[in-house]
Structures are given as C-alpha cells and as structure tokens.
Amino acid sequence: MSSRTLPLLFINLGGEMLYILDQRLRAQNIPADKAKKVMNDIISTMFNKKFLEELFKPQELYSKKALRTVFDRLAHASIMRLNQASMDKLYDLMTMAFKYQVLLCPRPKDILLVSFNHMDAIKDFVKDIPCILTQVDETYQQLIQIYTTLSSGEFQLIRQTLLIFFQDMHIRVSIFLKDKVQNSNGRFVLPTSGPVPYGTQVPGLIRMFSCNGKEASRLQFSNGGNYTAAIREGSFDIFGDRVTKLGTNMYSVSRPVETLISGTSKNSAQHAKVNTAPNPLAKEELNLLARLMGGLEVQKPGNADNGFRVNLFATDEEEEEALISRPDELSYGVIKIQATQDQQASAELAKIMGEFTESGDQSPSVSSKGDDLLAMMDGL
C-alpha cells in the first residue's frame with residue numbers, strides 16, 4: 001500500500017464532484033450568482049491550508065465511510081443542500097468516473113496527469129477569485145514537489161492502492177453504458193488498441209541479442225490490436241499540455257448522467273458482511289476525521305431564500321425511490337461529526353473520539369455484535 005495515495009484520491013474525486021455539480025446547477029437553472037458561490041465555497045474549503053496539511057501527511061487510505069464523510073461535509077460547505085439519495089448518487093458518479101480513469105491510464109505515472117487535468121479545471125472555476133486561486137496554486141506546487149520525484153514503482157503502488165479501494169464498486173453509469181465502455185454488470189470494458197504508454201514501443205517485434213550485446217536477429221508477429229506510438233509525454237508543470245484527456249470534464253447539460261444500481265450477487269453480499277467486522281484502523285480513522293473536519297467550515301444559509309436544494313435525479317419521486325431501493329451493502333453509513341475550525345475545539349473533539357473508541361473496545365456488547373467503531377459514530 002502506498003502512503004501517498006490519499007491526496008491524489010481526494011483531488012481527483014473532488015474534481016469529478018465539481019464537474020457534476022456544475023452540470024446539475026446549470027441543468028436546474030440555478031441563478032448564476034448562487035451557482036458561482038457554491039463552486040467558490042466548495043473549492044475554498046477543499047484547499048483550506050490546515051485541511052490540506054492533514055491530507056498530505058503520509059498515511060494509508062482509510063475506509064469508504066471515512067472518505068464519504070469528508071465529501072458529504074465538503075458538498076455542504078455552501079448554501080447548497082443535497083438529500084441523502086442525491087449525495088449517494090453524486091458520490092457514486094465521482095468514484096466510478098475516477099475508477100475508469102485509473103483503469104485507462106497507459107502507465108501508473110499518468111495518474112498524476114489526470115490529477116493535473118482536474119486541478120486545471122478547478123483553477124478555471126476560480127480564475128476570477130485571486131484569494132482562492134492562490135490556495136489552488138499552493139496545492140499545485142505541493143503536488144509537483146512531492147509527486148514528480150516519485151519512482152515508477154511508487155506510482156505502481158499508488159495505482160494498485162486505488163484499484164483495491166475501488167475493486168468492489170460496480171455502479172452502472174448511463175454515459176458509460178451508452179458509450180459501451182461499461183457492461184450491464186457495472187464492470188468496465190477496457191480497449192485493446194490505441195496509443196501505447198510513453199517510452200514504450202508498439203508491440204509486434206522481437207529482437208534477439210548475442211552474448212556480446214549486439215542484435216542478432218528480428219522476428220515480427222501480429223500484435224492482435226491497432227496500436228500507435230505515443231506522440232509525446234504530458235507536461236507535469238503547473239502550466240502545460242497534459243496530452244491525455246483523462247480527468248477532463250465529460251459532463252454537459254445536454255448530456256445528463258444517471259446511475260443504476262446493479263443487482264448484487266451472493267458473493268458480494270457475503271463480502272459486505274465480512275466488512276462489518278471491527279475495523280482495526282477505526283480509532284485512527286476517527287482521529288483523522290476529527291483533524292480534517294476541523295478545517296471544513298460549513299456555511300448555513302441565513303434564511304430559506306438564500307439556501308437551495310440540488311436534486312441529482314429527474315424528479316423528487318425518483319430521488320425518494322432511489323433512497324428506499326438502495327442495497328444495504330452500498331450504504332456508506334456516513335459518520336455525523338460536528339467540528340469547527342477552532343483548533344482547541346478540534347483537539348477536544350479528537351480527545352473525546354479517542355476516549356469513545358477506547359471505551360468501545362472494552363464493551364463486550366459492542367464486540368459481540370461485531371459493529372465497527374465508525375458505524376457507532378452514527379449515533380452521535
């Protein structure tokens with residue numbers, strides 16, 4: 001497992017979230033000033049300095065529940081509100097889009113180019129707000145400083161960590177289904193042709209060398225695909241051509257996107273039951289969330305006229321039906337944590353959480369039921 005995966009996961013999922021929300025705000029004809037405020041507030045919160053300091057500390061990935069809690073908090077960092085079903089759908093779209101991008105990366109290092117495409121789009125959202133733009137640029141510099149020096153082996157570990165995180169998620173997305181890049185069971189169809197990774201050659205030639213290192217003979221074979229050489233490597237500078245289109249906006253108002261819950265097999269249900277066992281990282285997750293939430297300030301609308309609700313479904317009835325019909329194994333069990341930016345309050349929250357987990361470990365009723373500590377936080 002790579003300890004440098006979390007920032008890339010967060011930034012790419014955050015970029016996808018902004019793409020989707022921008023599309024929905026336009027589709028629902030939300031006034032431009034309110035839509036702009038939502039995007040600015042979310043991006044400003046995403047790139048909060050204290051929040052990112054915690055995020056960039058080398059650490060292993062935590063559970064889907066923990067990450068979902070952060071994005072639930074982040075999505076409500078402005079005057080916009082989402083019902084649970086719409087938030088579920090938003091998170092499903094975010095995760096499936098990025099999973100597809102990771103699968104399509106020709107080489108592991110290209111995950112960083114995908115991240116830079118998301119960062120480029122985020123910069124464009126706040127190009128007229130200098131203070132937020134500065135926050136984004138500082139994160140850009142961190143990404144360049146930390147990730148451009150990593151080896152190919154480290155990027156391979158990052159890719160493996162991401163794929164392990166996404167491996168049990170098979171939500172069908174209408175855009176992917178229409179483009180025939182996703183099967184009806186939610187699994188992606190990967191191309192067997194196209195450009196090869198930068199720095200590699202088109203398959204079809206075997207070269208044999210003598211013991212002194214000189215080429216002795218060549219043998220050509222049919223590669224079974226239509227491969228092309230990579231034109232050039234994408235730029236890893238703050239300004240530059242990323243070459244790859246992975247990580248760019250695939251949504252538009254004229255091309256709405258929907259998610260469909262695939263039927264779950266017996267094996268997936270059994271796997272879900274296994275995941276309900278006590279999580280050995282529960283205490284660390286809670287402490288992480290306490291620190292992260294300290295940097296996420298949610299703005300509450302002053303009155304009913306200021307706040308508004310965004311529905312990711314066509315109608316309210318569809319949203320209610322989706323909430324009722326969602327399988328239990330796809331429930332993220334969002335942890336409700338109240339925290340402020342006040343450092344003392346965050347430290348106190350972390351202390352309370354620590355005491356809570358310690359007392360939870362000693363409780364025979366908790367261990368007998370097999371509930372993990374994260375699920376217990378739902379009762380707070």
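**Strands, helices and a pocket in a predicted model**

In this predicted model, strand β4 (residues 205–209) and strand β5 (residues 215–220) run antiparallel and are joined by 5 bridges. One of the pairings involves F209, whose bridge partner in β5 is E215. The hairpin formed by β4 and β5 has 5 residues between the strands, and within the hairpin G213 adopts a positive phi near 90°.

The protein chain as a whole contains 15 helices and 8 strands. Of its 380 residues, 46% count as buried. Contacts across the sequence were also examined. When contacts between residues at least 6 apart in sequence are considered, 79% of them join residues at least 24 apart.

Two of the helices were examined for length and for burial. Helix α1 (residues 6–27) comprises 22 residues, which at 1.5 Å a residue should span 32 Å; the end C-alpha atoms of α1 lie 31 Å apart, in agreement with that expectation. Because 20 of the 22 residues of α1 are buried, this helix is largely enclosed by the rest of the structure. After α1 comes N29, which has a positive phi near 55°.

Helix α4 (residues 64–75) has 12 residues, and the distance from its first C-alpha to its last is 16 Å, close to the 16 Å expected at 1.5 Å a residue. This helix is mostly covered, with 9 of its 12 residues buried. The buried residues in α4 are A66, L67, R68, T69, V70, F71, R73, L74 and A75.

The second largest pocket contains about 700 Å³ of space. Its lining consists of 29 residues, and those nearest the centre of the pocket are L104, C105, P106, P195 and V196. Both helices and strands contribute to this lining: α5 (84–104), α6 (110–125), β3 (194–195) and β6 (227–228) each supply at least two residues. Classified by residue type, the lining of the second largest pocket has 17 nonpolar, 6 polar and 6 charged residues.

Backbone angles in the loops were considered next. Most residues other than glycine have a negative phi. V243 is placed in the loop between β6 and β7 (259–260). The relative accessible area of V243 is 33%, so this residue is classed as partly exposed.

The loop between α9 and β3 also holds R187. With a relative accessibility of 47%, R187 counts as partly exposed. Although R187 and M169 are 18 residues apart along the chain, their C-alpha atoms are separated by 8.8 Å. When neighbours within four places in sequence are left aside, R187 is in contact with H170 and Q182.

How values were computed: Residues numbered from 1 in each chain as written. Predicted model: local features only at pLDDT ≥ 70, side-chain atom pairs only at ≥ 80, totals over all residues. Heavy atoms only, no water. Helix = DSSP H or I, 4+ residues; strand = E, 2+ residues; numbered from the N terminus. Expected span 1.5 Å × (residues − 1). Buried < 20%, exposed > 50% of the residue type's maximum accessible area, 1.4 Å probe, protein only. Pairing = 2+ DSSP bridges. 1 Å grid on protein atoms, 1.4 Å probe; cavity = no way out; pocket = protein on both sides within 12 Å on 5 of 7 lines; lining within 4 Å. Points joined across faces, edges and corners; volume = space filled by probe spheres on them. Nonpolar A, V, L, I, M, F, W, Y, C, P; charged D, E, K, R; others polar. Contact = heavy atoms within 4.5 Å.
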